[in-house]
Amino acid sequence: MINWQLDYDLTRYNSFGFTSHAERFISVTEIDELELALSDVEANNWPLLILGGGSNLVLKERIPGAVIHIANTGIAVLADDGEQAIVESAAGENWHQFIGHLLEKGLHGLENLALIPGSVGAAPVQNIGAYGVEVSDCLHSVTAYDRQNKELVQLQNASCEFSYRNSIFKSRFPGRYIIWSVRFNLSSIFTPQLDYSGLGNFLAGKGIEQPSAIEVYTAICEIRSSKLPVPSEIGNAGSFFENPIVDESEYRRLKEQFPELVAFPESMGRYKLAAGWLIDKAGWKGAKQNAVGVYDKQALVLVNHGDGNASQLLELADAIKQSVCERYQVSLRIEPRIYPI
Ligand SMILES: Cc1cc2nc3c(=O)[nH]c(=O)nc-3n(C[C@H](O)[C@H](O)[C@H](O)COP(=O)(O)OP(=O)(O)OC[C@H]3O[C@@H](n4cnc5c(N)ncnc54)[C@H](O)[C@@H]3O)c2cc1C
């Protein structure tokens, strides 16, 4: 028997801080609790939202059906030969604290992803990435509850079909798998990933050419804190739009028209355009509309100035998308999940 909490206030479970109420809510820490909750959901045919930290979601005012918050905890080193280790974390662990824990244990690979809000379980969903590293670079496998076959399954890295901000959990089988724990391949030998020029230059500016893991971690935290709003102070979900990926001819056309265009080469002759640059140069940085707006230090981040709501935010996002499309003939895609659609 599941004790659903009714008309549950989700304001503290979404980093935009929008007022939102779930018809019913439960926080689960054990797999049998999850199974019981799911059988209720299926018996009643309720729509279901799986919730981590709510930092990649735009929640509307009423959330119908059920919300299951994944709150299991525990971190274990499963194998360690002195150089390589496999570490497993429960899905409900906090991502940033998990990275801090690994740093204390001297296990490396994920430092560049420090300070990304949210849970470990959500990290594979959109293959979180920052400063030249994606979670898929170190991910060994995912243990997930498969709602279709009603069993726990282990999906190896290759089966997760990771790509830029994407995976099977988001695209091919949305809603089918509930991630229960994640295993990572980590190393006790630290190899700094400084490909992202902003990070290398930041460290060089401090006179650090061969940084230690803690120096990279600290630099990432400093850079992020200077650029991104803290959700508890200004509601936001980080980057609101994905960086569009275009083919070479499209890139050349834009570069000719906008010589200062910021873009990065991708594989197979494609280019990733900096969506923040496109939005900024279209004149949106710092714009306000109703109680929402575009962050004044980073045009890729949309913010809630206080008592905004999802409709206002989506109206603003539409206006930005239209203006970017008119100016550059480039389509922007929203990164966070809008729920319900
Ligand atoms: C200030 C700020 C900075 C950010 N910076 C970055 C960044 O640099 N790079 C980046 O990639 N992202 C970034 N994000 C986005 C966000 O932090 C990540 O996407 C994060 O992984 C979301 O975790 P969460 O637990 O909050 O997920 P939620 O927002 O709760 O959920 C996100 C999606 O995952 C699903 N989900 C959650 N948990 C599970 C689970 N256990 N099993 C299956 N599905 C699940 C949800 O249903 C939803 O579809 C940022 C967000 C903020 C607010």
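Predicted model: local features only at pLDDT ≥ 70, side-chain atom pairs only at ≥ 80, totals over all residues.
Local features need pLDDT of at least 70, side-chain atom pairs count only at pLDDT 80 or more, and totals for chains, interfaces and linings use all residues. Residues are numbered from 1 along each chain as its sequence is written, and side-chain values use heavy atoms, without hydrogens and water.

**Exercise 1.** Work out the strand order of the open sheet of 4 strands, and find its edges.

*Solution.* 
- Strands are DSSP runs (E, at least two residues), numbered from the N terminus. Two strands pair if DSSP finds at least two bridges between them.
- The order is β1-β2-β5-β3, with mixed pairing.
- β1 (5–9) and β3 (48–51) each have a single partner strand, so one side of each lacks a neighbour in the sheet.
- β1 and β2 (residues 21–28) run antiparallel, joined by 4 bridges. Within β2, H21 is the bridge partner of D9.

**Exercise 2.** Describe the interface of domain 1 and domain 3.

*Solution.* 
- Take the bounds from the automatic or database domain assignment: domain 1 is 5–70 and domain 3 is 235–339.
- Count contacts (heavy atoms within 4.5 Å). 14 residues of domain 1 touch 17 residues of domain 3.
- Compute buried area: the accessible area (1.4 Å probe) that two parts lose on being put together, summed over both.
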